[in-house]
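Please look through the model below with the following notes beside you.

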Amino acid sequence: MNSIFLMVLTGLQLGAIYALIALGLTLIFGTLGVVNFAHGALYLIAAYCAVFAAQSLGFGLAIVLVPIILFIFGIAMERGLIRFFYQRPHTDQILVTFGIAIVVEEVLKWMFGANNIPFALPSWGAGQVLFYGLGANVPAAIPGIRVPMPFLEGFAFFPAWRLLLIIVTAVTIFALFALLQFTRFGLVLRAGMRDPEMLRFLGVNVTIRFSILFGIGAMIAGIAGVFGGPVTQVSPTVGMALLVPSFLVVVIGGMGSMLGALVAALLLGMASSFTTGFAAAVGDPTAKMALTALQQIVVYLVAVVVLLIRPRGLFGKKGIFE
């Protein structure tokens, strides 16, 4: 029971990283119609900024400053390049944004090298959370925040930072949903995607709102970089490595569907976590080797199965090239 509980928490943590990156992707596609393959590069920039901001200013200021920096960078990127591709085919958008991602990766590799950069956790986030059954005999000397779980047998540890990542993701999702559904800004955005010319006739500056929205998508990547960087490590290849499963999340969930992205992120996170957990627990060498190989491709297998059943994704109304 304890092993399954830890695999669920690990799946939630993996799903949280996928969800934060995929949310920016699906938000930009769902409202602006742009397939942004540079979103992994935005995560990468955020992770590097977070490392140096945390070292020079402290982790608390890094949490505040990095999303703001990515918000400004996103607006500059939208005004300087992306806006010229709104009416272009998705293939053009993919090519230009993928090119940006490659340029960012190579520039960072040239500046900081190809190896991982250490990203130390702050002292307040480096501990463990202790989950224990109500009848468990937990020694008082065991450190960690204590959380009773009646169904556990004995006790189990989980890193506090990874649990914080899950909580931050949940708060970010709720805030984004509230912004789009319950504010005038969100209402204007949804209307602007349906009929931007009518809003312009009514005196609404849709262009500024579209730029702000792109900045919000980049800011979410900034949040992912700050809180996900210590988990995924920081190297020039991390952005592209996370972009592929995150884009699969968007496709599986349905292009432009926020709910679909969240469900798909949890699905892929759980699939990866349980495959890894079972591979570690199996004693037979042949079975262990097979599960280890499956661990590398499980996200693609999930995507194939879902898209065979629902070609437009779980909650999608259209495909990427429609």
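**Notes on the fold and its ring pairs**

1. The protein chain holds eleven helices and three strands, where helices (H or I, at least four residues) and strands (E, at least two) are DSSP runs numbered from the N terminus. Along the sequence, they follow the pattern α-α-α-α-β-β-β-α-α-α-α-α-α-α.

2. This is a predicted model, in which local features need pLDDT of at least 70 and side-chain atom pairs count only at pLDDT 80 or more, while totals for chains, interfaces and linings use all residues. Residues are numbered from 1 along each chain as its sequence is written, and side-chain values use heavy atoms, with hydrogens and water left out.

3. Of the 322 residues in the protein chain, 48% count as buried; buried means under 20% relative accessible area, exposed over 50%, and partly exposed in between (1.4 Å probe, protein chains only).

4. A search of the whole structure finds eleven aromatic pairs, a term for rings of Phe, Tyr and Trp (its six-membered ring) with centres within 6.5 Å, called stacked if the planes are under 30 degrees apart, edge-to-face if over 60, and tilted for the rest. The rings of Tyr 48 and Phe 112 are stacked, because their centres lie 5.2 Å apart and their planes are at 25 degrees. This pair links helix α2 (residues 39-57) with helix α4 (residues 90-112), 64 residues apart. Tyr 48 is buried at 3% relative accessible area, whereas Phe 112, at 32%, is partly exposed.

5. Phe 59 and Trp 161 form an edge-to-face pair, since their planes stand at 75 degrees with ring centres 5.2 Å apart. Phe 59 belongs to helix α3 and Trp 161 to helix α5 (residues 160-182), so the pair ties together parts 102 residues apart in sequence.
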